[in-house]
Amino acid sequence: MAEIILQTLRLRLVTWEPDDAGMIQALHSSIETTRYLSGAAPWSRERAQERLQNWFTEAERDGTTKYKLLARADGAFIGRAGFSLLGDAYELGYSLRHEAWGKGYATEIAGALANWFFEKGFSDRFIAFTHPDNAASQRVLTKIGMLPCAPVVIDSILCPTFEMRRPLSA
């Protein structure tokens, strides 16, 4: 049974189930939802299964990963969100079903994840990067208080990168 990781007013972040690869493939089944991701092509069932297995491994090894994102009202699948280790830094990432775009879900879950990350004590800092053309995601990151930092190269693309540091206690 899925474990609840985090809840917001409208969203619930839970652990994946072993048979969720079809859900992940559906999330990344169109060029709309993959154009800013590595490879920029719709995901096969095999790719979805591989990513799911990687998230199980990350969760076991690092204590966090990308999780399944659901609507609290009806349990509908909205996407994925969470943290993964990228080199020596934790990286915030999220991807939402096209039908969920424009409803503020990305900002809601990213902001809640930032608070959760520091409360859990994973690190004093995390980063997030976007494809250079993904202005919507860049707005989300600045809305939650992330600041630009040195860009990173992902798949030969220089990606705008943002960071957030643990707030100083008063």
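In helix H5 (residues 135-143), the buried residues are Ser137, Gln138, Val140 and Leu141, where buried means under 20% relative accessible area, exposed over 50% and partly exposed in between (1.4 Å probe, protein chains only). These residues lie on the same side of H5 because they cover an arc of only 155° around the axis, the arc being that of the directions from the helix axis to the C-beta atoms. Their cover includes strand E5 (89-96), helix H4 (105-120), strand E6 (125-129) and strand E8 (157-165). Just after H5, Gly145 has a positive phi of about 100°. Helices (H or I, at least four residues) and strands (E, at least two) are DSSP runs, numbered from the N terminus.

The model is predicted: local features need pLDDT of at least 70, side-chain atom pairs count only at pLDDT 80 or more, and totals for chains, interfaces and linings use all residues. Residues are numbered from 1 along each chain as its sequence is written, and side-chain values use heavy atoms, with hydrogens and water left out.

Aromatic rings come next. The whole structure holds 13 aromatic pairs, counting rings of Phe, Tyr and Trp (its six-membered ring) whose centres lie within 6.5 Å; planes under 30 degrees apart count as stacked, over 60 as edge-to-face and the rest as tilted. Phe117 and Phe126 make an edge-to-face pair, 5.1 Å centre to centre with 70° between the planes. Phe117 is buried, at a relative accessible area of 0%, and Phe126 is buried with 0%. Ring pairs link Tyr67, Phe83, Tyr90, Trp116, Phe117, Phe118, Phe122 and Phe126 into a cluster.

Note on methods
Contact = heavy atoms within 4.5 Å.
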